Amino acid sequence: MKFNVEKLKAVARPVTQEEKTAMDYRAENANWLQLSATIALKIRKLLRQQGMTQVDLAARLGVTPPQVSKLLSGKINFELRTLVSIQNALGKPIIDVSFQEEHPVSEQLMKTQTLVVTQYVKSAPILSNTRFGSESLFTNFKPVG
């Protein structure tokens, strides 16, 4: 495809200060803006699944339809209170903040340490020649934790 410099010059214009400010804002807030858009999409999906409109949600929340429209724009910083109200109105969770009590990294570390200790004891001549023998020493060995 041929690049037409003359056509580009004809349509190109300098970026305004307002556009620069908007670009800077989006760059500085990209992380939470992306999460906000994802939450808004999930709310829209739940509304669609339940056959609800934005007007229905506004009525359940006790706010105006334009306020719901603003929430679903994906450009606002949601408050937890607002998210909980929306979850209650929809009867479905929007976000899941769960605490995982198991620690896969420490479990894997424990397995690795157990394997290393077992291999060391089996290969250490001084321990394998003891009256217990390396096999019997670790027959019933189980990691703690």
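In the predicted model, helix H2, spanning residues 17-28, packs against helix H3, spanning residues 30-50, at an angle of about 80°. The axes of H2 and H3 lie 5 Å apart. Because angles of 65 to 115 degrees count as roughly perpendicular, H2 and H3 are assigned to that class. On the H2 side, the contact is formed by Tyr 25, Arg 26, Ala 27 and Glu 28, which meet Ala 30, Trp 32 and Leu 33 of H3. Classified by residue type, the contact of H2 with H3 comprises five nonpolar and two charged residues, with no polar residues.

Two salt bridges are found in a search of the whole structure. One of them joins Glu 19 to Arg 13, with a separation of 2.8 Å between the closest N and O atoms. The two partners fall into separate accessibility classes: Glu 19 has a relative accessible area of 29% and is therefore partly exposed, whereas Arg 13, at 55%, is exposed.

The other salt bridge links the side chains of Glu 79 and Arg 81, with an N to O distance of 3.9 Å; the cut-off for a salt bridge is 4 Å. Here Glu 79 counts as partly exposed because its relative accessibility is 46%, and exposure is assigned over 50%. Arg 81, with a relative accessible area of 65%, is exposed.

Methods: Residues are numbered from 1 along each chain as its sequence is written. This is a predicted model: local features need pLDDT of at least 70, side-chain atom pairs count only at pLDDT 80 or more; totals for chains, interfaces and linings use all residues. Side-chain values use heavy atoms; hydrogens and water are left out. Axes are lines fitted to C-alpha atoms, for helices over the stretch in contact, and angles run from 0 to 180 degrees between N-to-C directions. Helices (H or I, at least four residues) and strands (E, at least two) are DSSP runs, numbered from the N terminus. Angles under 35 degrees count as roughly parallel, over 145 as roughly antiparallel, 65 to 115 as roughly perpendicular and the rest as oblique. Contact means heavy atoms within 4.5 Å. Ala, Val, Leu, Ile, Met, Phe, Trp, Tyr, Cys and Pro count as nonpolar, Asp, Glu, Lys and Arg as charged, and the others, Gly among them, as polar. Buried means under 20% relative accessible area, exposed over 50%, partly exposed in between (1.4 Å probe, protein chains only).
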